[in-house]
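Have the viewer open as you read.

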Amino acid sequence: MGKFWLVSLPAAGNKQDRLNHVKGALAASSSPLADVSNFIIPDLKVGTLDSLVKLSDDLAKIDAAAEVSSNKLVDLMKTLLNGDVKQVEATLVVGNRSTDDFVRSFSWNAMKYRIDKPLREIVDAIQQEVAQIDSTMKARANAYNQIKGNLQAMERKMTGNLSVRSLVEIVRKEHFVLDSEYLTTLLVAVPRQSYQLWESSYETLTQMVVPRSTQKIAEDEEYGLFTVTLFQRVADEFTNKCRELKFTPREYKFDEKDLEQTKRQRQELQTLEKEHWGQLLRLTKTNFSELFACWVHIKAVRIFVESVLRYGLPPDFVVAAIEPTAPKHEKKIRTVLNGYFNAGGLGGVVGKDSKELDQEFEEMSLIAGVEKEFNAYVSFPLAFKMQ
């Protein structure tokens with residue numbers, strides 16, 4: 001998504017004329033500083049000044065929360081699409097439009113947010129929708145991650161070296177002495193550099209080891225897996241002796257049903273993970289569309305409220321979506337916009353020169369108790385990164 005500034009300027013009774021002035025200054029040359037689009041906000045119900053001041057404070061928090069929620073869905077989509085940024089951008093759309101096009105051609109959703117309702121009621125409705133989407137996506141993402149985690153845990157058991165990995169797909173019935181009252185077969189992972197030590201010592205680690213009973217049944221880059229047959233009564237002692245020599249006894253009881261059951265469980269988990277992945281992908285796409293629209297409507301309400309508080313009543317201002325063509329142009333764009341407020345500019349604070357404006361902004365900064373750049377116009381950023 002591009003980087004937008006939503007900027008409000010006094011209209012002095014002619015919104016289109018003022019918008020054309022801005023476009024002429026920023027976008028008319030052969031090397032435009034910015035692309036400028038009309039960001040149309042209807043005449044919302046103002047209410048009292050006290051209610052606007054309180055709403056202004058709340059909107060800052062709601063705006064930030066909606067931005068966080070939008071970014072969460074972007075990150076989730078990145079995860080689902082393995083970080084393919086182009087595919088993420090193509091998937092995360094608002095209706096059938098890209099996020100950039102949605103901002104450039106923004107139209108207030110009057111069917112969903114009736115403009116005859118109080119601003120507080122509109123904001124509460126949007127906030128509730130954002131919270132509901134956030135809650136739903138959190139639950140669905142957690143469910144998917146649980147299934148994916150179970151599948152990854154199972155697949156991890158099938159990987160790794162022979163001292164740790166699952167043996168279900170390696171051992172066979174003929175490797176074991178089964179149904180014996182006295183004998184048992186143990187499995188031992190032996191480091192490759194210790195094969196000779198194993199061959200020369202396994203028969204004497206304890207008594208009652210069947211001579212020449214060892215057999216190497218598997219091998220990887222680090223270990224070989226050996227069987228050994230002995231009497232059940234010395235199995236624990238033999239296991240302890242193996243550990244002393246840096247051999248790794250593997251606890252395993254052969255069951256012919258294990259392999260079939262493991263394959264079935266893995267297949268079921270793979271199918272379930274694929275189903276939930278598809279469902280979560282579709283839900284993320286749908287809810288991002290709704291959530292981003294909510295966020296931009298919050299931005300619209302916020303710039304409307306701040307413009308009324310800054311410029312006064314009745315509401316008479318024009319809002320533009322300004323998209324700098326390069327970061328290096330941003331300072332010059334600010335200078336151009338602030339310049340409209342000098343004598344002969346757009347109005348609102350006409351007659352104040354730049355020194356008076358600088359002093360006024362410095363006083364506002366001191367009152368606010370923060371180091372912040374105050375502009376003569378109302379401005380809010382709208383951007384997030386998909387990379």
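## A first residue, and how to read the values

Let's begin with R18: its relative accessibility is 15%, so R18 counts as buried. Here buried means under 20% relative accessible area, exposed means over 50%, and partly exposed lies in between, using a 1.4 Å probe and protein chains only. R18 meets the side chain of D17 in a salt bridge, 2.8 Å from N to O. D17, at 29% relative accessibility, counts as partly exposed.

This is a predicted model, in which local features need pLDDT of at least 70 and side-chain atom pairs count only at pLDDT 80 or more, while totals for chains, interfaces and linings use all residues. Residues are numbered from 1 along each chain as its sequence is written, and side-chain values use heavy atoms, with hydrogens and water left out.

## Salt bridges

The structure holds 19 salt bridges; the term stands for a side-chain nitrogen of Lys or Arg within 4 Å of a carboxyl oxygen of Asp or Glu. One of them joins the side chains of E323 and R104 at 3.1 Å, N to O. This pair links distant parts of the chain, with E323 in strand β7 and R104 in helix α4, 219 residues apart. Helices (H or I, at least four residues) and strands (E, at least two) are DSSP runs, numbered from the N terminus. E323 is buried at a relative accessible area of 10%, whereas R104 is partly exposed at 30%.

K216 and E219 form another salt bridge, and their closest N and O atoms are 3.4 Å apart. K216 is partly exposed at 41% relative accessibility, and E219 is partly exposed at 39%.

## Aromatic pairs

How many aromatic pairs does a search of the whole structure find? There are 15. Rings of Phe, Tyr and Trp (its six-membered ring) pair if their centres lie within 6.5 Å; planes under 30 degrees apart count as stacked, over 60 as edge-to-face and the rest as tilted. F39 and F106 are stacked, at 4.5 Å centre to centre with 10° between the planes. F39 lies in the loop between β2 (34-38) and α2 (49-80), and F106 in the loop between α4 (99-104) and α5 (119-157), so their pairing ties together parts 67 residues apart in sequence.

F102 and F292 pair edge-to-face, at 6.0 Å centre to centre and 65° between the planes. Because F102 lies in helix α4 and F292 in helix α8 (residues 256-311), this pair ties together parts 190 residues apart in sequence. Both F102 and F292 are buried. One aromatic cluster takes in F39, F102, F106, F288, F292 and W295.

## The nonpolar cores

A nonpolar core is a set of buried Ala, Val, Leu, Ile, Met, Phe, Trp, Tyr and Cys residues joined through side-chain atoms within 4.5 Å. The largest one has 57 residues, of which F39, V103 and F292 touch the most other members. Helix α8 gives the most to this core, with 16 residues. Apart from it lies another core of 16 residues, among them L186, L205, A235 and F238.

T206 is in the loop between α6 (195-201) and β4 (215-219). Its relative accessibility is 8%, so T206 counts as buried. Leaving aside residues up to four places away in sequence, T206 touches V234, E237, F238 and K241, where contact means heavy atoms within 4.5 Å.
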